[in-house]
Amino acid sequence: MSSVLLSSQSFLVAGDDIAAGVARATGSELGRLDDIIASAAASWQVAPDKLDAALLRPPSLFGMADATRRRLVRLVMAECSRRVAGGDTVIHVPFAASMVPGISHVLRVRVTGSADERARAAANQLHLPDAKARKRIDADDRAIDLIGTVLFQRRDTDADYDLVVQVADRTPEAIVSEIVQTAAERSYQPTSYSVKAAQELAAAHCLEAALAARGIDASAAVKDGLATVKAWAAVSRRSEAAKVVDTTASRLPAIKKVELAWVDDLFETYAASMR
Amino acid sequence: MKEQIDVMVLDDEPMVGKRLKVILSRMGCNVETFEDPRRALERISDKRFHIVVTDVVMGDVDGLQVLDRVRACWPDSKVVIMTAYAMMAMAREAMAKGAFDFVAKPFEPVEIRNVVARAAKELGFDLLNGGQ
């Protein structure tokens, strides 16, 4: 069975129901956003509301710094890829297409609705007049575009997904059935390559998250047992970061060896080289 | 007499064929190796191989064409695609065309043994316990 990562546009209440229906129909573990955030927060000792804000609160002048947001979302990505590597799972999160990239047995689904439909839902849920509900939908979409650009350097669009499902005039059961049928197609079945790739990605995300939880930016890749980690850390924090990498890697069976490189991007280093 | 499982290994790199022949023969498979994909395609038309293990990038004939030929001639046979250029899109294409599995090179002997054993099991052969 493939894993399903699903995103839904704001005010489409069907998103959680659809994810639950797919999980039931396929016998997969269900991960709602709240569960994913709670697990990530517990694993990395971070306040859940920070993770929630990093994923959903739009960037603002006095809000969360972009670097902090990216670091926090690393923890959510680590939790998603851990679940995918662990077996059949259905996860309902924002930016589903980007959370566990490059794994062929992950079906990425986007649940969308028309602006009218979403505005009606927003008006009902928030008791707003139609014009205000429509403004709220537009603001939500702009926020998602901005957050996506900060986190993944691109907007979250239909083109990033394997399957785009319109909820208009369709029952949740019909939508669940379409997703389950697509997930059962041979293209989305696990292969030796994709299972190994999922385990390696989960290991890489786990290393990045371990460092991110301590405020250290890093990018990691794992291939055939070798973990290559590039970390941005001040000289005073490098021994701490190296210990974190060693301790984390020792718990991950996909990692046999680690190569750790430091990236020095201090402005004064570049300035000195130009003199 | 116990029926042996026939396996074709196709890779334009001779060393891969040699190594896989040793590994798979030890499991009890009857292995034929090919380096020239055109000769392999002719052989597939003549003889049913239960399992075909093929590289994907081999000059003018690629592994997906081999997969097509096997599916056309022997729909029950299992095809395992191996490649050094593993990508999500390629894995999906191979699976959509009916490959049994997709393996990225380099792999450990145990990985290919497990894949072939799984394919054999689907055909009714028990390679891990040495019987049908």
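Predicted model: local features only at pLDDT ≥ 70, side-chain atom pairs only at ≥ 80, totals over all residues.
Chain A is assigned two domains, domain 1 (3–188) and domain 2 (192–274). Twelve residues of chain A meet 14 residues of chain B, and the largest nonpolar core has 118 residues.

**How chain A is divided**

- The centres of domain 1 and domain 2 of chain A, taken over C-alpha atoms, are separated by 27 Å.
- Where these two domains of chain A touch, 18 residues of domain 1 are in contact with 14 residues of domain 2.
- On the domain 1 side of that contact, helix α4 (residues 66–86) of chain A gives the most, with ten residues.

**Where chain A meets chain B**

- The contact between the chains involves 12 residues of chain A and 14 residues of chain B.
- On the chain A side, the residues that touch chain B comprise two nonpolar, seven polar and three charged ones.

**The nonpolar cores**

- Within the largest nonpolar core, of 118 residues, those with the most contacts are L207(A), V7(B) and V80(B).
- Helix α9 (residues 192–212) of chain A gives the most to this core, with 13 residues.
- Both domains of chain A take part: at least three residues of the core come from each of domain 1 (3–188) and domain 2 (192–274).
- Leaving out residues up to four places away in sequence, L207(A) touches A218(A), A220(A), A227(A), V229(A), V245(A), T248(A) and A249(A).
- Apart from this core lies another, of six residues, among them A119(A), A121(A), A122(A) and A133(A).

**An enclosed strand in chain A**

- Strand β4 (residues 106–112) of chain A has six of its seven residues buried, so it is largely enclosed by the rest of the structure.
- One partner of β4(A) is strand β1 (residues 3–8) of chain A, and the two pair in the parallel sense over six bridges.
- In that pairing, L6(A) stands opposite V109(A) of β4(A).
- Another partner is strand β5 (residues 163–166) of chain A, which pairs with β4(A) in the parallel sense over four bridges.
- Here T112(A) has Q166(A), in β5(A), as its bridge partner.

**The sheet in chain B**

- Five strands of chain B form an open sheet with parallel pairing, and their order is β2-β1-β3-β4-β5.
- The edges of this sheet in chain B are β2 (29–34) and β5 (101–104), each of which pairs on one side only.
- From one strand to the next, the twist averages 20°.
- Strands β3 (residues 51–55) and β4 (residues 78–83) of chain B pair in the parallel sense over five bridges.
- As an example to find on screen, T54(B) has I81(B), in β4(B), as its bridge partner.

- I147(A) is in helix α7 (residues 130–152) of chain A.
- Is I147(A) buried or exposed? I147(A) counts as buried because it has 23 C-beta neighbours inside 10 Å, where 20 or more is the cut-off.
- Beyond its neighbours within four places in sequence, I147(A) is in contact with P58(A) and P59(A).
- From C-alpha to C-alpha, I147(A) and E79(A) are 19 Å apart in space, and 68 residues separate them in sequence.

**Backbone details in the loops**

- K105(B) and P106(B) are joined by a cis peptide bond, with omega about 0°.
- P106(B) is in the loop between β5 and α5 (109–122) of chain B.
- H127(A) is not a glycine, yet has a positive phi of about 55°.
- H127(A) lies in the loop between α6 (115–126) and α7 of chain A, and counts as exposed because it has 9 C-beta neighbours inside 10 Å.
- D224(A), also not a glycine, has a positive phi of about 50°.
- The loop between β6 (217–223) and β7 (226–232) of chain A is the place of D224(A), and with 13 other C-beta atoms within 10 Å, D224(A) is partly exposed.

Conventions:
Residues numbered from 1 in each chain as written. Chains lettered and ligands numbered in written order. Pairing = 2+ DSSP bridges. Axes fitted to C-alpha atoms, helices over the stretch in contact; angles between N-to-C directions. Contact = placed C-beta atoms within 7 Å. Nonpolar A, V, L, I, M, F, W, Y, C, P; charged D, E, K, R; others polar. Core = buried A, V, L, I, M, F, W, Y, C linked by C-beta atoms within 7 Å. Buried ≥ 20, exposed ≤ 12 C-beta atoms within 10 Å, placed from the backbone. Domains from an automatic or database assignment.
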